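Work through these exercises with the model open beside you. Try each task before you read its solution.

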Amino acid sequence: MSTHSMLLFVLAAVAVIVAVRWVAARTGLPAAALLPLIGIAYALLPGPNVSLDPDLVLMVVLPPLLYSAALDSSLLEIRRNLRIVVSLSVVLVLLTAVLVGVGFHLFVAGATLAAGIAVGAAIAPPDPVAALAVGRRVNLPPKLVTLIQGEGLLNDATALTMLSVAVAAAVGGEFSFPSAVGQFLLAAVGGVAVGAAVAWAVRLARPLTADPLMSNAISLATPFVAYLLGEELHVSGVLAVVVAGLIVGHQTPQLGSGAARLQTSAVWRLVDFLLEGFVFLLIGQQLPEVIKGLRQYDLSTIVIAVAISVGVVLLLRPAWLVLTQSLPRSLHTRLGGISEQDDPDEPSSARQVARAERNARRLSFREVTALSWSGTRGVISLAAIFTLPLTTDSGAPFPDRDLLLFCTFVVVLVTLVGQGLTFAPLVRMLGLRANETDQARVRNEARSAAVEAALARLDEVAADEPDSAVAVNTTRTQLLTRLARYRGRLDLLERSGSSEMPTSPQYETALRVRRTAIDAQREELVRWRDAGRLPDEELRILERELDHEELLLPKRASS
């Protein structure tokens, strides 16, 4: 494909991604499920197509997507739910790979155990993009969002390590269980160490992160540094990226300036938007490549192989979740909600923390059902299976490579489209929603505490610097006005007996008036610019001030 054709293809892909995002926003359908269907439709048309380069996906696409997801995750919440996260992202991935491998070895004619485990490892890790996009839109409870995020961050490392071990056995013809366990542990421990070292290096670069442009450059380079360093040391580069992102994201409030954090966040949202769109389009376009090698297989062999792959993926996950929830409490993975009541004498923030601790013990039936249906597979599965070599060490073709590619594609399509399109209706049917009142109450309690801390600091400044009395009084007046607003919201939330966000007509009116005033200022600045009284450079500075002021306004009155 020429450079001109490639540019046209990229621009067309961007147009499709934007259009699908627009449709998804208005229909509630997940873009991650719609884009592969469009990719399939394009692949069936005559003309140039784009083949998936697994090295490109694993080295260029995967690190920034994982790093961005890790930055937005909560290290504390993942630690609080670490046992279930490990259960899903390590134990369930390994179990899926082994069961698929055994199924292929027993029921698919001519298939080897190592080749079956290879395809099992490829289809084992869920890609949480579609589930999280839907979950956030339907206001899925934070605990489930954390579990889906945590699982998605760690399972790729498990699957890719397992895949490399299985491929080595299939190519070389030998498989040693102790050796495989040793390789897995070395890759995992080494990946964690590399990720922690990269995060430490980013923290050392803190003086450079005050400048927004330098902060963005460092942030964009970090996932690639972590991945390449991990791969160079023959440990898990994927795990290194995840650990670095979790630690850096946890330390972000102490790193850099506010302007740098705002700009870096916007840059990563754009990266996620484009990369995710391209990879989901790319999934659908692999259909011709996947089906062209199936002529050598009997229909019965294809059906059995697909049935094993899809069946294990769809049935093992809910079975595993139900099993772990049925264990005695002493052996349990500390999931879910028990029925102790909140202490009414505790502050709301303390009650929220206590509730979170209780809710980290045992999942309800509704939560198990939703989590079972969130296991959509994505481009990582396809990229992983496309890394299978063409031949073994003996020069023979890699066993059943084309069949393994097709099984992986079917699993991705079934889960991404089937589960992706039905996840939102399922969550609504189950009645799973975050408690918006509790979330808003915690936010406003924290805001009030922050303002009170600022007022106490102003008293210290006034005592130490008598000449600052005017500035201190002005700032104190502004803070007291803000504190009164926060306490008013808290009173409204405390009076609400519902989990839905209460409305305040007075505050809604105040927000509308403030937005109207900002719009009027922006229009007047543009008139000055058009009349030649204000240079464009000065206009952009003043517009940025108004943009930041508008950004501070909450989207909802009680939030």
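**Exercise 1.** Leaving aside its neighbours within four places in sequence, which residues is Arg377 in contact with?

*Solution.* This is a predicted model: local features need pLDDT of at least 70, side-chain atom pairs count only at pLDDT 80 or more, and totals for chains, interfaces and linings use all residues. Residues are numbered from 1 along each chain as its sequence is written, and side-chain values use heavy atoms, without hydrogens and water.

Step 1. Contact means heavy atoms within 4.5 Å. Step 2. List the partners: Ile123, Ala124, Pro125, Pro126, Asp127, Val313, Val411, Val412, Thr415 and Leu416. Step 3. Look at Ile123: its backbone oxygen lies 2.6 Å from a polar atom of the Arg377 side chain.

**Exercise 2.** Which side chain of opposite charge is nearest to Arg377?

*Solution.* Step 1. Lys and Arg count as positive, Asp and Glu as negative; His and the chain ends are not counted. Step 2. The nearest is Glu151, 6.5 Å away. Step 3. Arg377 is buried (under 20% relative accessible area; exposed is over 50%, partly exposed in between; 1.4 Å probe, protein chains only). Step 4.

**Exercise 3.** Which residue forms a salt bridge with Lys143?

*Solution.* Step 1. The partner is Glu367, with the closest N and O atoms 3.2 Å apart. Step 2. Glu367 counts as buried, at 12% relative accessibility. Step 3. Lys143 counts as buried too, at 14%.

Terms used
A salt bridge is a side-chain nitrogen of Lys or Arg within 4 Å of a carboxyl oxygen of Asp or Glu. A polar contact is a pair of N or O atoms within 3.5 Å; within protein, one must be able to donate a hydrogen and the other to accept it, and residues adjacent in sequence count only if both atoms are side-chain atoms.
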